[in-house]
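Subject: Structure for you to look over

Hello,

I am passing on the structure we talked about, with notes on what was found in it. Please open it alongside this email.

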Amino acid sequence: MLSIDALTIEGDLLYIGGNLTHLFTNDSGRVRVNRLARVQLSTGAIDRNWNPTVSGGRVSTIAVDPSRSRVYVGGQFTGVNGTTNTYRFVVLDQTTGDFAPGVPQGLRVSNQLYPVSSRAQTSTYYYYRYSRQDHFPYDIEVFPGYVAWGGDMAIEIMSESNLNSVYSWNRRSTLSNNCPLDGDVQALEYTGGYLYWAGHFEQEGTYYSTRCATGNPRVLARWSPQGGRDTSFTTQWNQPSPTVWALTADPASGALWVGGYFSSTGNVPVRSLARFTPGGPPVADTERPSVPTGLSVVGATDSSIDLGWDPGVDNVGVTGYYVYRSSTPNQLGPLVGTSATTSFVDDDPALAASTTYYYALKAFDAAGNLSYRTGFRAATTADPGVVIDTERPTVPTNLAVDAVTADTVTLSWTAATDNIGVTGYEIYRSTTPGTVGPLVATSATTGYTDTGLTTGTTYYYALKAYDAAGNTSWRTGLRDATPVGGAAADTERPTVPTNLAVDAVTADTVTLSWTAATDNIGVTGYEIYRSTTPGTVGPLVATSATTGYTDTGLTTGTTYYYALKAYDAAGNTSWRTGLRAAATN
């Protein structure tokens, strides 16, 4: 029977697995697939370039790890991409669909159970013997540093880097007093520093033997990288042959929701749905660091390359950076080092003079979460005795909007300087306030006209200077501009308001005043920014059409820091004032 058994979304891609041979599209009808396919969600198009061939059986589960460009696939299949050494479990490249390099394929948990299949009877009990030798995954879970699969009478936890097994369990390994322990692992979930697995494993039931019908049935277990399997984690499940079918973690609290077939747990009626607040380690950090930026070549000799970059950020903290090097453009090479700072000197003896290498980075945190990789940065070792230019140009200054039309913006700026010479400027454009957009153009002069824009849309521009060696300056601040129709637009900023003063304070109010700004056409109003951190400009909290404002609803005994900007009808804003402190009393 044709079926779909596994669905997984990663970004804009939907991965589909099961016992399917075709998918249908709106544009070209029926497309042949082989038990595994993926579709672009935004367009509905089938990715014909990613088409692994799965033979025999079906795909039961899929998990994607974009940090390593891997797709983990499990099921009852016998081979993938024309091979037979991929029994039940395979690791594919997320880009090509080929086998991921450098890791073993196929299950490695022993499948041997019993040599015969029969049902025998003694004077007091029945028992079964199995010839079943086909463990296969029902679920795959990727968590910091590890990959796990659980399924038919088995579970295996592997190191994420090389897929070496660090813990495994199967039915044969849990025989107790010659009692066959039945059951499968139905679901996996990682939360609170533990990998949980659930199902109806280690089940000692009366249908096997009256002398095996003792003890607490195991339907939920957990494992941590620090302590291994937690044998103290036990819960009473009050139901004949209880089973857990589903696990999911609350991302806010780390609590574990458990669903299945049971009437109570720990003598508390729960009717097949329970919630656990996991003990042990605190809720795990599962947030990736951001991608490091500004990867550049700081220096080079004939046998070393010195790299630098801007730090990534993380909800808890970035621990360090992995540095990858390749000799092939646009290809992620092997890991060549780690750095706890934002610099790295690659002085590997394998580096050759006058040779170009391609570097990329990933940030990591203490929990093992990896950022997505950076783009590639080419670096060339020097000829012996040749000094390479590694000095950045200075930042361009005075970025200004000279003119706008209904669909153009004309920019100008003051030239940057460089120890050898500035070659040109990179122009970045965004439509999101406070965000640096993608590179949209370069200019060899100190001016640029951006065309094909949308009337009424505000654009945000930034610049970097670069030299002939590929060194780039730090970027400028953002400058906004809005194309408008009709007569020539007003692009002149108002002057900065002056004499920002605190006229009065109470327990929960601050009254401000200032001297009016001026403008070539006219000032429309003022933006008021407030912070509680010294030296920091806070968010916009109000606007005023006059030269005064009373801020209400404040906290008694708190010092606030205020700043202003004037704005005109065209949306031009002045530079901000300095900060003015005011303490409620």
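A400 stands opposite S412, a residue of β34. The strand names follow DSSP runs counted from the N terminus, where a strand is a run of E of at least two residues and a helix a run of H or I of at least four. β33 and β34, the latter covering residues 409-414, pair in the antiparallel sense over five bridges; two strands are taken as paired if DSSP finds at least two bridges between them. In general, the strands of a sheet pair through backbone hydrogen bonds, in a parallel or an antiparallel way.

Before going further, note that this is a predicted model: local features need pLDDT of at least 70, side-chain atom pairs count only at pLDDT 80 or more, and totals for chains, interfaces and linings use all residues. Residues are numbered from 1 along each chain as its sequence is written, and side-chain values use heavy atoms, with hydrogens and water left out.

The sheet around β34

β33 and β34 belong to an open sheet of three strands, ordered β33-β34-β37, with antiparallel pairing. Its edge strands, β33 (397-404) and β37 (447-450), each pair on one side only. Neighbouring strands here are turned by 20 degrees against each other on average, direction ignored; the axes are lines fitted to C-alpha atoms, and angles run from 0 to 180 degrees between N-to-C directions.

β34 and β37 are joined by four bridges, again antiparallel, and L411 has Y448 of β37 as its bridge partner. β37 has a covered face with Y448 and D450, while G447 and T449 lie on the uncovered one.

The largest nonpolar core

A nonpolar core is a set of buried Ala, Val, Leu, Ile, Met, Phe, Trp, Tyr and Cys residues joined through side-chain atoms within 4.5 Å. Buried means under 20% relative accessible area, exposed over 50%, and partly exposed in between (1.4 Å probe, protein chains only). The largest core has 17 residues, of which V401, V409, L411, W413, I427, Y461 and A481 touch the most other members. β33, β34, β35 (422-430) and β38 (459-467) each supply at least two residues of this core, and β38 gives the most, with four.

W413 has contacts (heavy atoms within 4.5 Å) beyond four places in sequence with residues including L399, Y425, I427, Y448 and L463.

A second sheet

Another open sheet of three strands runs in the order β21-β22-β25, with antiparallel pairing. β21 (243-249) and β25 (273-276) are its edge strands, each pairing on one side only. The twist averages 25 degrees from one strand to the next. Six bridges join β21 to β22 (residues 256-261), and T243 stands opposite Y261 in β22.

S544

S544 lies in strand β43 (residues 540-544) and counts as buried because its relative accessibility is 8%. Its side chain reaches the backbone oxygen of T546 at 3.1 Å and that of G548 at 2.8 Å. Such polar contacts are pairs of N or O atoms within 3.5 Å; within protein, one must be able to donate a hydrogen and the other to accept it, and residues adjacent in sequence count only if both atoms are side-chain atoms. Residues up to four places away in sequence aside, S544 touches W514, G525, Y526, I528 and Y549.

The chain overall

The protein chain has zero helices and 46 strands. Of its 585 residues, 46% are buried.

Regards
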